[in-house]
Amino acid sequence: MTDLTIAIATPEQAEALVPALAEILIDCVEGEASIGFMLPLAQEEAEAFWRGVAARVAEGTVLLHVAYLDGRPVGTVLLSPESRSNQPHRADVQKLMVHRRGRNLGIASGLMAALEESARASGRIVLCLDTATGSSAERLYEGLGWQKAGVIPRYALWPQGGYCDTTLFWKDLDR
């Protein structure tokens, strides 16, 4: 039996997790996830991304949710609350990632449930995200009750090259 826990990282934890989170990021990109990076993804570039996230955690501008499988980081998702004064109720969901060793264990669903709980606790009731059209993530969001807002053709590139359409989703946590 495996032990899964999900926690919001403190600034100190976020900084300490940089190498492990970089490993997750690299694995996801190597697994052809369109999450903003191209192949090959160097360890230094992946760590620089996560150091930037750790800085945002320290500033209080993002919540880093981390899934641990048997005590080892295996997945992440970011809640990025909107800072504009006319949108105090909204946040963006970014970088849902699960290492391939942790796939099909309910980790992504668990991360999203934890994220929604922390969003509600902070008064963020309208969430937005985007994902690669036709991906397993798109099917996950649909299954979790997210609403499609539309598709943007050729929005990004796949890590190995070639255009990738992106599906925009939203969820109202009060409905």
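A residue counts as buried when its relative accessible area is under 20%, as exposed when the area is over 50%, and as partly exposed in between. Lys95, at 25%, is therefore partly exposed. The structure is a predicted model, and this report walks through some of its local features.

Lys95 lies in strand β4, which covers residues 90-98. Its phi is near 55 degrees, a positive value in a residue other than glycine. Most residues other than glycine have a negative phi, and most peptide bonds are trans. Asp70 also has a positive phi, of about 50 degrees, although it is not a glycine. You can find Asp70 in the loop between β2 (63-69) and β3 (72-81).

A further backbone feature is the peptide bond from Leu39 to Pro40, which is cis, with omega near -10 degrees. Pro40 sits in the loop between α2 (18-30) and α3 (43-59).

## Helix α4 and Glu116

Helix α4 runs over residues 107-121 and includes Glu116. Its 15 residues, at 1.5 Å a residue, should span 21 Å, and because the end C-alpha atoms are 21 Å apart, the two values agree. An α-helix has 3.6 residues a turn, so residues three or four places apart point the same way. The buried residues of α4 are Ile107, Ala108, Leu111, Met112, Leu115, Glu116, Ser118 and Ala119. Just after the helix, Gly123 takes a positive phi of about 80 degrees.

Is Glu116 buried or exposed? With a relative accessible area of 9%, Glu116 is buried, because that value is under 20%. Not counting residues up to four places away in sequence, Glu116 touches Leu127, Trp146, Lys171 and Leu173. With one of these, Lys171, the side chain of Glu116 makes a polar contact at 3.0 Å.

## Thr167 in strand β7

Strand β7 spans residues 163-172 and contains Thr167. The relative accessible area of Thr167 is 0%, so this residue is buried. Leaving aside neighbours within four places in sequence, the contacts of Thr167 are Leu129, Asp130, Thr131, Thr133, Glu138, Lys148, Gly150 and Val151. Which distance separates the C-alpha atoms of Thr167 and Glu32? These two residues are 135 residues apart along the chain, and their C-alpha atoms are separated by 17 Å.

The side chains of Thr167 and Glu138 are joined by a polar contact.

| Side-chain pair | Polar contact distance |
|---|---|
| Glu116 and Lys171 | 3.0 Å |
| Thr167 and Glu138 | 3.2 Å |

## Aromatic rings

How many aromatic pairs does the structure hold? There are four aromatic pairs. Ring pairs link Phe37, Phe49 and Trp50 into a cluster. Elsewhere, a charge meets a ring: the charged end of Arg154 sits over the ring of Tyr163, 5.1 Å from its centre.

## Cysteines

A disulfide is a covalent bond between the sulfur atoms of two cysteines. The structure holds zero disulfides. Cys28 is in no disulfide, and its nearest cysteine sulfur, that of Cys164, is 14 Å away. Cys128 is in no disulfide either, with the nearest cysteine sulfur, that of Cys164, 19 Å away. Cys28 is buried, with a relative accessible area of 2%, whereas Cys128 is partly exposed at 23%.

Conventions: Residues are numbered from 1 along each chain as its sequence is written. This is a predicted model: local features need pLDDT of at least 70, side-chain atom pairs count only at pLDDT 80 or more; totals for chains, interfaces and linings use all residues. Side-chain values use heavy atoms; hydrogens and water are left out. Rings of Phe, Tyr and Trp (its six-membered ring) pair if their centres lie within 6.5 Å; planes under 30 degrees apart count as stacked, over 60 as edge-to-face and the rest as tilted. A charge sits over a ring if NZ of Lys or CZ of Arg is within 6 Å of the ring centre and within 35 degrees of the ring normal. Helices (H or I, at least four residues) and strands (E, at least two) are DSSP runs, numbered from the N terminus. Buried means under 20% relative accessible area, exposed over 50%, partly exposed in between (1.4 Å probe, protein chains only). A polar contact is a pair of N or O atoms within 3.5 Å; within protein, one must be able to donate a hydrogen and the other to accept it, and residues adjacent in sequence count only if both atoms are side-chain atoms. Contact means heavy atoms within 4.5 Å. The expected span of a helix is 1.5 Å times one less than its number of residues. A disulfide is a pair of cysteine sulfur atoms within 2.5 Å.
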